[in-house]
Amino acid sequence: MEKENISEETLARLETLGARIAADAHDEEALIERGRLYWALGRRSEAIGDYLAAQRINPSGKATQLLKATYEILDYYNKDLYNP
């Protein structure tokens, strides 16, 4: 992780969430929050990994909605952007 591009507050939050997840791998809220932080930092694959882990814990929870939105964003295609 490139620490110089990430605020101290964000780094501290990631460490706190990592410790929560290490202590309880079934902490759905921590996984979702860390996934959101990863997404905001541009670390898409790590965000998706956390969302998937949270979805395995609670298939009908918020992570399922986040994954759907994530895949819609990643799958977005505008033919006009590629064919000027």
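Start with Arg 13, which is partly exposed at a relative accessible area of 30%; here buried means under 20% relative accessible area, exposed over 50%, and partly exposed in between (1.4 Å probe, protein chains only). The model is predicted, so local features need pLDDT of at least 70 and side-chain atom pairs count only at pLDDT 80 or more, while totals for chains, interfaces and linings use all residues. Residues are numbered from 1 along each chain as its sequence is written, and side-chain values use heavy atoms, with hydrogens and water left out.

**Exercise 1.** Find the salt-bridge partner of Arg 13 and say which helices the pair ties together.

*Solution.* 
- Apply the criterion: a side-chain nitrogen of Lys or Arg within 4 Å of a carboxyl oxygen of Asp or Glu.
- Arg 13 lies in helix 1 (residues 8-23) and Glu 33 in helix 2 (residues 28-40), so the bridge ties together parts 20 residues apart in sequence. Helices are DSSP runs (H or I, at least four residues), numbered from the N terminus.
- Glu 33 is partly exposed too, at 30%.

**Exercise 2.** Are Asp 50 and Arg 34 buried or exposed, and how far apart are their closest N and O atoms?

*Solution.* 
- The closest N and O atoms of this salt bridge are 2.7 Å apart.
- Asp 50 sits in helix 3 (residues 44-57) and Arg 34 in helix 2, 16 residues apart.
- Asp 50 is buried at 6% relative accessibility, and Arg 34 is buried at 16%.

**Exercise 3.** Which residue pairs with Arg 43 in a salt bridge, and how many salt bridges does the structure hold?

*Solution.* 
- Glu 46 is the partner, with closest N and O atoms 2.4 Å apart.
- Glu 46 is partly exposed, at 30% relative accessibility.
- The structure holds five salt bridges.

Terms used:
Helix = DSSP H or I, 4+ residues; strand = E, 2+ residues; numbered from the N terminus.
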